[in-house]
Amino acid sequence: MLSIEITDARIALLGGFASGKKITMRQTASREIGKGYVENGYIKKIHELAGEITELLRIENITDKKATVIINSGLILFKECLLPKPRKYNRTELIERMIRNEMKLTDDYNFTFTVIREEEKDGRKLLRLTAAACPQSLVDSYTDLFHQLGIKLTGVFISSTCLARYVDTGKLSDKMPMVTLQLDPRFVNINLFEDDRLSLNRFVKADPNDYEPDADYINLTVFDNLFRIINLYGQNNSGSHIENVYYHGYAEDLHSIETNIAQFNLPVARLPKTDNVIYRGDDEFTEYAALAGSLPDINKRMENINLLHSQTYRNIMANLNFLSTAITVMIICVGVVLGANVFTGQLLEERNHQLNALRVEYQLLRPDEIARHNLQLQSAVGSFTNYTDKVKLSETLFDFQPKMLPSVMTMLEKVLLDNMSISGVVSVNSYNVTATFKCTNDKQPTRYTEELEADGFFENIVFTGYTKNSDNDYTFTLSMKIKGGNKFEAE
């Protein structure tokens, strides 16, 4: 399995696998990325970042077509919740809805959770869990990136959640209460572990402008925020104190940071490689600790940690714009009306299931949630009754086909850069276009992709990397779609 961690400053990748709690790390690599490519976890320059990842995969000779990604952001929120236990653990949509109410967040957030334990109070069965809320727009930026890379994204995980899994599989409970520090040139991610669980997370931006000129701002950020965490723990746990501090990730001067932390009179060390980990890489292990935690299989009874499998994401996928859905089905099953009927029936069945689920679990909601539940029910019914009109629109779109345009070549040539040319045959199949190009330097593929996208004739342009030829030029291939309904389309 290929797993990639992306921060504001670096990308790190791990190739490996897990068997039970035993983790094998076969291959690791990392590199810095340009400032502004990623800001607080959001991908701002998708083409440039895709180019960096493609180049790193090429150098490492990695050809995997599936991957998971680990994300970091100060916009991700954590909270320990005590919630009514549903009749079945697989009712994740109900748990996510209760978490949303508990954290008082909108539908713009995507939720994951890890069950800590079951409890009972006043005859009521309860679940204690660690919940995380991530803006859906943040998740979307990574699905767009991997679409650009041409790699199937099978999981989006939160860094602190993966680190908690590494701590759990490595049986580090005897080191708790402990603090872990994820170091990065642009942030410090602090996690407090106690009683075999992640109990507190603090993500802090590391900004040189917050300190005096030429100050060691990473070191100062670590010291200031670790001081706050230690004091907070002492106030909330009279008679108890932090036992250990571990650091992992990447920093230029780890020795200086370790010396600085030692001022708290606490044992401080790099996060250890636990006995259940086989590591065959040449780099420092601690840079890949969170990636190691992404490898073990998910315990579906206790963990709902994949942001692609949360109910929020599934609802978004189920309610995608009907125009895009109809065009996709048309390309796969042109003229197969029966296939369209089956697809429609599945959508209706899923919506019926959602309506029934809302009713069946009604009695589990607390009184202050009932008003919100009624609004959800009304919204679901409204969505259901609108299906007929949308299905009619889908059937109409099945009869729509783009006509072949002789100007496809013209539009490709229109934005060619100096000393660039189209190489070989341009394939046009319905809306889909594939073309191969030659250029004279490795910057031109990204620049040409951006120019082509800005021109507005094509969309969903995918650049999968380039090949350097023996005569010192480069070859690269783009796949794309003709943008339906634009001003260039044939009558």
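Which residue is the bridge partner of Glu 5 in β2? That would be Ala 12. The pair belongs to strands β1 (residues 2–6) and β2 (residues 10–19), which run antiparallel and share five bridges.

Keep in mind that this is a predicted model. The protein chain has a mean pLDDT of 81, with 78% of its residues at 70 or more. Two stretches call for some care. Residues 391–404 stay under 50 in pLDDT, and the model gives them 24 contacts beyond four places in sequence. Residues 487–491 are also below 50, with twelve contacts beyond near neighbours in sequence.

Back to the sheet. β1 and β2 sit in an open, six-strand sheet with mixed pairing, ordered β10-β6-β1-β2-β3-β16. β10 (152–158) and β16 (277–279) are the edge strands: each has a single partner, so one side of each has no neighbour in the sheet. On average, neighbouring strands here are turned by 30 degrees against each other, ignoring direction.

Two helices pack on these strands. Helix α1 touches β1, β2 and β3 (22–32), while α3 lies across β1, β6 (66–71) and β10. Here are the angles for these helices:

| Pair | Angle |
|---|---|
| α1 and β3 | about 125 degrees |
| α3 and β6 | about 145 degrees |
| α1 and α3 | roughly 55 degrees |

The helices also meet each other. The axes of α1 (residues 46–59) and α3 (residues 136–149) come within 10 Å and cross at roughly 55 degrees. That crossing angle is why α1 counts as oblique to α3, and the crossing is right-handed. On the α1 side, the contact involves Ile 46, His 47, Leu 49, Ala 50, Ile 53 and Thr 54; on the α3 side, Asp 144, Leu 145, Gln 148 and Leu 149. Sorted by type, the contact residues come out as six nonpolar, three polar and one charged.

Further along the chain there's a hairpin worth a look. Strand β20 (residues 458–468) and strand β21 (residues 474–482) run antiparallel and are joined by seven bridges. Thr 467 stands opposite Thr 475 in β21. Where does the hairpin have a positive phi? At Asn 472, in the turn, with a value of about 65 degrees. Five residues lie between the two strands.

Methods
Residues are numbered from 1 along each chain as its sequence is written. This is a predicted model: local features need pLDDT of at least 70, side-chain atom pairs count only at pLDDT 80 or more; totals for chains, interfaces and linings use all residues. Side-chain values use heavy atoms; hydrogens and water are left out. Two strands pair if DSSP finds at least two bridges between them. Helices (H or I, at least four residues) and strands (E, at least two) are DSSP runs, numbered from the N terminus. Axes are lines fitted to C-alpha atoms, for helices over the stretch in contact, and angles run from 0 to 180 degrees between N-to-C directions. Angles under 35 degrees count as roughly parallel, over 145 as roughly antiparallel, 65 to 115 as roughly perpendicular and the rest as oblique. A crossing is left-handed if the near helix is turned anticlockwise from the far one by less than a right angle, and right-handed if clockwise. Contact means heavy atoms within 4.5 Å. Ala, Val, Leu, Ile, Met, Phe, Trp, Tyr, Cys and Pro count as nonpolar, Asp, Glu, Lys and Arg as charged, and the others, Gly among them, as polar. pLDDT is the predictor's confidence in each residue, from 0 to 100.
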